[in-house]
Amino acid sequence: MTATVIIFIFLAYLIGSVSSAVLICRLKKLPDPRAHGSNNPGTTNVLRLGGPQAAAWVLLADLLKGTIPVYCAYWAGFEPVYIGLVGVAACLGHIYPIFFHFKGGKAVATSMGAMLPLGMDVAGLLVGCWLLVVALSGYSSLAAIVTALAAPVFTYFIKPEYTLPVSMLGCLVILRHHENIARLYNGTELKIWRKFSMNKSTDTDKQETKKDAQE
């Protein structure tokens with residue numbers, strides 16, 4: 001491993017450490033996603049806390065955190081395994097952000113962004129897999145886990161030389177979802193629209209309580 005590779009890995013971690021969910025929530029004067037909703041600074045939780053527009057900005061930023069370092073490593077001519085390490089570093093930055101007390105998200109969007117340089121065919125299959133599982137089950141966490149498991153299979157048939165780095169990213173995402181796996185097994189995991197409706201109900205109750213107090 002050369003010094004250039006090490007520098008790329010370090011920079012990828014720093015880029016991943018920029019928590020877009022926290023920053024966008026601050027800009028929009030929304031609750032801190034690390035302390036409200038699911039306590040996860042990610043797209044789904046920001047969707048519950050601030051609606052589609054805020055969530056879309058978080059999704060875009062998190063995707064770019066994975067895509068930019070991996071694209072740079074790809075064009076720098078790194079071997080696939082080193083490109084994978086750069087992608088993993090970006091995801092680790094998202095999960096354990098040095099700028100935000102090491103309290104980050106689950107790196108689903110960032111890992112997806114890290115896989116985008118493989119081509120739109122792989123990206124389309126990953127997005128389609130996630131949407132299909134959500135539509136059938138209603139669980140965003142299950143969709144992330146299934147997609148992480150399917151990613152190396154898709155990659156093997158399209159760009160087999162990148163199967164190992166994609167497997168590394170998939171393992172990282174699955175490990176990060178260990179609590180969700182336990183809740184899915186116990187039947188206590190909430191479906192994505194149930195979580196969203198609960199948050200809406202809570203907001204309505206707060207507004208009504210505030211109105212009653214003012215009256």
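Predicted model: local features only at pLDDT ≥ 70, side-chain atom pairs only at ≥ 80, totals over all residues.
1. Overall make-up. The chain holds eleven helices and zero strands. Read from the N terminus, its elements run α-α-α-α-α-α-α-α-α-α-α.

2. Burial and surface. Of the 215 residues in the chain, 43% are buried. The accessible surface comes to about 11,400 Å², and carbon and sulfur atoms account for 68% of that area.

3. Helices α4 and α5. Helix α4 covers residues 52-75 and helix α5 covers residues 80-95; their axes are 9 Å apart and the packing angle is about 155°. Angles over 145 degrees count as roughly antiparallel, and α4 and α5 are therefore roughly antiparallel to each other. The crossing of α4 with α5 is right-handed.

4. Residues between α4 and α5. On the α4 side the contact involves D62, K65, G66, P69, V70, A73 and Y74, and these meet I83, V86, G87, A90 and H94 of α5. Sorted by class, this contact of α4 with α5 has seven nonpolar, three polar and two charged residues.

5. Helices α7 and α8. Helix α7 (residues 120-137) and helix α8 (residues 140-158) have axes that come within 8 Å and cross at roughly 150°. The pair α7 and α8 is therefore roughly antiparallel as well. Their crossing is right-handed.

6. Residues between α7 and α8. From α7 the contact takes in D121, V122, L125, L126, C129, W130, V133, V134 and S137. From α8 it takes in S140, L142, A143, A144, V146, T147, A150, A151, F154, T155 and I158. By class, the contact of α7 with α8 has 15 nonpolar, four polar and one charged residues.

7. Arginine 34. Where does R34 lie? R34 sits in the loop between α2 (20-27) and α3 (43-50). Is R34 buried or exposed? Its relative accessibility is 11%, and the cut-off for buried is under 20%, so R34 counts as buried.

8. Surroundings of R34. Apart from neighbours within four places in sequence, R34 is in contact with V22, R26, N39, P41, F100, H101 and K103. R34 and G105 are 71 residues apart in sequence, while their C-alpha atoms are 8.7 Å apart in space.

Notes:
Residues numbered from 1 in each chain as written. Heavy atoms only, no water. Axes fitted to C-alpha atoms, helices over the stretch in contact; angles between N-to-C directions. Helix = DSSP H or I, 4+ residues; strand = E, 2+ residues; numbered from the N terminus. Parallel < 35°, antiparallel > 145°, perpendicular 65-115°, else oblique. Left-handed = near helix turned anticlockwise from the far one by under 90°. Contact = heavy atoms within 4.5 Å. Nonpolar A, V, L, I, M, F, W, Y, C, P; charged D, E, K, R; others polar. Buried < 20%, exposed > 50% of the residue type's maximum accessible area, 1.4 Å probe, protein only. Areas by Shrake-Rupley, 256 points an atom, 1.4 Å probe, with all protein chains shown as cover.
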